[in-house]
Amino acid sequence: MEENVNNPAAIQVLARSLNLLIKIFYDLNCQDLPEFFEDNMAPFMSLFEKYLIYQNPLLVTDDDEEEGILEQIKTNICSVLELYGSRYDESFSLLPQFVPIIVNLLTTTGSELKYDGLICKAFAVLTIFVRLETLKPIFDNEDALKNMCEKIALPNVVIRTVDEELFEDNPIEYIRRDLEGSDTDTRRRSAADFIKGLLERYEQAVTKIMSEHIYNYLMTYNSNPTEHWRYKNTAIFLSVAISSLSSTAQQGVTKVNALVDVIDFFSRHVLCDLQSDVNSDLPILKVDAIKYVYTFRNQLTKEQLLTVFPLLVKHLESSNYVVHTYAAIAIERILFIRQGKLMLFTSEDIKPYAETLLSQLFRLIEQGQTPEKLSENDYLMKAVMRVIIISRSDMMPYVNVIMGKLTALTEFENMCFGPFQTILSQEVQEFSPYVFQLLAQLLEQHKGTELTGSYVSILNPILNPSLWEQGNIPALVRLVQAYLDKGVTTIMANNQLESILGIFQQKLVYSRQFDQYAMLLLRTITLRVPLFTRNFTNWMTLCFLNENMGGPDTIVRVYDGLQPGLFGQIMSLFVLPDLNKLTQPVEKRTGAAGIIHLLTRSELMLQQPYVDSLWLNTLLALLKLIELPFPLEVEELDELYTFDLEEGGYQTSFAKLTTANPVTEDPTVGLPPGPVYLAQQLAQLPQDRRNALKHLMGQSEEAMTFLPRYFEQAKIPLI
């Protein structure tokens with residue numbers, strides 16, 4: 001490049017080549033520091049130093065927005081320095097020489113948009129540098145810190161014209177960049193991260209410097225609020241930057257700077273913007289105030305939040321897109337705050353505002369005139385969901401508000417089937433699992449056991465084995481279960497049970513990864529299709545309990561018909577050892593009730609050979625199951641309350657719709673607790689059977705320990 005410094009064509013080609021070489025250097029070093037580069041670090045760093053300060057008018061672009069090749073070269077060199085500073089600082093002895101170069105870049109580079117990428121990356125490098133112990137002597141003095149704050153950080157936190165234009169022209173993009181952290185390439189966010197880096201090392205000094213500037217900005221604002229509103233915007237931004245030491249999207253700020261009173265600042269400088277007219281001429285200050293509440297929601301007490309809450313509800317009336325959307329976001333996040341396992345806000349807390357909230361949120365959603373606009377602002381629908389979840393125990397007064405906005409099931413299905421069929425026919429793999437889950441949820445709302453024509457038409461394609469690939473299986477099993485629950489009559493009439501069993505055998509039962517889905521499907525088949533048998537502990541106990549199958553003896557005869565004594569082998573080798581693994585409440589109750597039926601209602605179990613070889617062992621396994629403690633469920637929140645949209649993420653294998661969970665059936669509804677039920681069933685046996693079983697039970701110390709207590713609980717004399 002030195003030889004072609006005045007050759008426009010050549011210098012452009014060489015600059016692009018240099019940029020590619022720097023990228024290759026980064027890629028070769030990003031996983032580990034190769035020995036070659038460690039041994040030759042000095043000449044490489046000398047070149048990087050040279051081109052960080054390199055200038056050539058031939059490489060300067062006239063475009064103020066598009067990044068030129070020279071800016072790209074310097075940005076990629078900064079990426080290398082960031083990598084070495086964060087990963088290989090112990091081997092990087094040449095770090096100090098780059099500090100003044102990076103500082104100079106940050107203080108002398110222009111404010112044009114084309115330099116934003118370079119400035120942001122330079123901030124990232126300097127943030128790494130201030131955290132390093134080896135460079136502490138460079139920064140650990142009052143003058144250096146003051147220069148860092150005043151000459152580097154502060155000039156880059158002021159709101160720029162481009163930010164204001166984005167606020168006005170593309171409000172949803174402004175919100176996403178601000179809230180979802182996609183503005184990492186903006187000077188303002190990079191400067192805030194740099195300030196936090198300084199605070200990690202020099203908290204007291206940096207807080208003092210920044211607090212003085214915050215005070216001065218506020219004084220300037222107060223002298224002429226209309227003219228100097230940008231000073232207050234900067235003051236609030238800086239206050240948040242120095243106050244929040246750590247934060248998450250889900251919880252807001254989790255650690256605050258002890259040297260800053262965030263509540264006092266809110267009361268003195270922020271609250272007034274929430275109390276002013278919602279359609280103020282200064283909407284950005286409105287957004288600043290709402291975002292302050294959103295950011296420090298966990299630092300405000302419930303009483304303080306209850307004071308602010310009606311102000312946020314009022315701001316849903318704002319005509320400004322960003323203001324009313326931020327209000328909805330803050331409301332949703334506040335209603336999600338938890339204290340331990342309990343929600344901070346209850347339906348009683350928001351009862352005075354619930355109807356207004358729903359009406360205003362639906363009004364804002366309906367302002368979108370096209371499907372794209374309706375779906376654009378998902379923050380509003382999240383707020384609707386949260387209000388309904390919190391208020392659902394008191395929803396009756398607001399049913400008309402909600403139902404007036406929702407579509408009837410049949411109409412909604414008709415709207416969905418077209419897009420669903422398009423997705424499935426075109427094999428759009430990313431959306432297929434969602435379609436299957438939504439179809440299942442829609443089908444579960446039907447009554448009866450016969451399918452409508454729309455569902456019948458798509459069942460055969462759903463049972464195509466090629467569709468049952470890894471990412472689809474959980475959703476497809478759920479859908480087939482729904483088909484069996486709501487359309488077993490149609491399935492049997494069309495001879496489609498065989499296809500379902502083929503899926504069960506070919507795709508599920510022999511797969512270690514999906515055998516649990518095989519058993520879910522088998523359980524549903526057992527409940528909905530009579531006389532279907534299969535060796536599985538949970539399924540076996542369900543069969544024993546299911547009187548529609550002819551009682552426990554039907555299962556015994558089926559197995560022994562295949563091979564004499566096979567039932568006893570299956571019970572001894574598989575069912576009884578796994579009985580105590582039924583720890584889920586419904587499974588445990590079903591297992592206990594099923595075994596009780598086997599012990600007391602099976603004629604074959606009370607005859608040879610099973611009465612001597614199997615009956616007592618089965619009773620002892622039942623006693624162990626009954627005595628297992630139930631999982632503690634009472635303190636757990638409903639999953640719907642704790643569901644957080646912010647935690648969700650795309651999963652390539654299977655993405656679960658958290659709010660579409662199926663309701664678990666309990667076949668033991670109406671039966672007494674296991675100990676009482678066992679005592680009752682034993683007491684109802686004929687006298688000769690009771691005498692024979694009493695002899696068997698007397699052989700077990702364990703049985704004689706628990707059974708008297710069970711009979712006492714049932715208030716029945718011991719047999």
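Mentor: The side chains of N233 and D288 are joined by a polar contact of 2.7 Å, the term standing for a pair of N or O atoms within 3.5 Å of which, within protein, one must be able to donate a hydrogen and the other to accept it, residues adjacent in sequence counting only if both atoms are side-chain atoms. This is a predicted model, in which local features need pLDDT of at least 70 and side-chain atom pairs count only at pLDDT 80 or more, while totals for chains, interfaces and linings use all residues. Residues are numbered from 1 along each chain as its sequence is written, and side-chain values use heavy atoms, with hydrogens and water left out.

N233 lies in helix 12, residues 229-243, helices being DSSP runs of H or I with at least four residues, numbered from the N terminus. N233 is buried at a relative accessible area of 2%, where buried means under 20%, exposed over 50% and partly exposed in between, with a 1.4 Å probe and protein chains only. Apart from residues up to four places away in sequence, N233 touches I159, R188, I284, L285 and D288, contact meaning heavy atoms within 4.5 Å.

T109, in the loop between helix 5 (99-108) and helix 6 (116-131), is also a buried residue, with a relative accessible area of 19%. Its side chain reaches the backbone oxygen of L105 at 2.5 Å, and, neighbours within four places in sequence set aside, T109 is in contact with N104, Y115 and I119.

Two packed helices are described by the angle between their axes and the distance between the axes. Those of helix 6 and helix 11 (residues 187-223) come within 9 Å and cross at roughly 5°, the axes being lines fitted to C-alpha atoms over the stretch in contact, with angles from 0 to 180 degrees between N-to-C directions. Helix 6 and helix 11 are therefore roughly parallel, since angles under 35 degrees count as such, over 145 as roughly antiparallel, 65 to 115 as roughly perpendicular and the rest as oblique. The contact includes I119, F123 and R131 of helix 6 and R187, F194 and R201 of helix 11.

The axes of helix 3 (residues 41-52) and helix 4 (residues 69-87) also come within 9 Å, but cross at roughly 140°, and these two helices are therefore oblique to each other. Among the residues that meet are M45 and F48 in helix 3 and I77 and L81 in helix 4.
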